[in-house]
Amino acid sequence: MGDDNVKLPPGFRFSPTDQELVVHFLNRKAAQLPCHPDSIPDLNVDMFDPWDLKGKALAGDNHWYFFSHRSDSHTSPNGYWKTMGADEPVSCDNNQVGVKKSLVFYIGEQPLGTKTNWIMHEYHLLDGETSSRTSRKKGTQKSASRDRVLCRVYDRSNGGGDSVRLNDDGAELSCLDEVFLSLDDLDEISLPN
C-alpha cells in the first residue's frame, strides 16, 4: 500500500467498492460506531492539494481515502475541485444507500483554472440515513451524517483510474467476489501429469 496506515497481510490490499465505502465505512462513521480497522483518517480536503495526500490519507491501489466535511465548493492552497457530471446513486440490495459525486481538480483560481488529471469521488449518505442505533439519538447524530463525506482521490494519468469489475447486473464486485470468481478459473487450468 505504500503507507503504514493499515497492517494487512501480504497479498491483501485496500480496494473497496462504492457500496462498501458507503455501507461499511461512511455509515458507521456517521453513526459513530466502531469501524475495524479504524484506518481511514479525517482530513480537511480544503487544506491539501491532491498530490499532498500521500502519507496523510489511507492509500490503496493508487487511491487515497479520507473522511472530510461536506461542502458545496472545495478550494485548496493551489486550486479548486469542480463537479463533473451528475451524481450517481450507490445501492445495496436494490436500495439506494448513498450518492457518489465526481469532481476534477483545477489549478488556479475559479473559473479560470487549468484542468488536471486528479479526480475525487465524494460519497454522501442520503439525508437522515445512518444505522438504526443512530435514530435513537436524533439531533447531533443526524446533522453529523449530513456533514460527513468519504473521499477517494486518484490521478487518472498515473494508473489510478477505476479498475472496478462489474457483475452481470452492472453492480461492482467486492474483493471477496473477485477471489471467488478467480477460483472458478482454476477448473480451466490443466496441470501436467
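**Aromatic pairs in a predicted model**

Me: Which is F105, buried or exposed?
Reply: F105 has a relative accessible area of 0%, and buried means under 20%, exposed over 50% and partly exposed in between (1.4 Å probe, protein chains only). This is a predicted model, where local features need pLDDT of at least 70, side-chain atom pairs count only at pLDDT 80 or more, and totals for chains, interfaces and linings use all residues. Residues are numbered from 1 along each chain as its sequence is written, and side-chain values use heavy atoms, without hydrogens and water. F105 is therefore buried.

Me: How many aromatic pairs are there?
Reply: Rings of Phe, Tyr and Trp (its six-membered ring) pair if their centres lie within 6.5 Å; planes under 30 degrees apart count as stacked, over 60 as edge-to-face and the rest as tilted. By this rule, the number of aromatic pairs is 6.

Me: How far apart in sequence are the parts that F14 and F25 tie together?
Reply: F14 and F25 form an edge-to-face pair, 5.6 Å centre to centre with 80° between the planes. F14 lies in the segment before helix 1 (18-30) and F25 in helix 1, so the separation is 11 residues. Helices (H or I, at least four residues) and strands (E, at least two) are DSSP runs, numbered from the N terminus. The value asked for is thus 11 residues.

Me: Which kind of pair do W51 and F105 form?
Reply: Their ring centres are 5.6 Å apart. Their planes stand at 85°, so the pair is edge-to-face.
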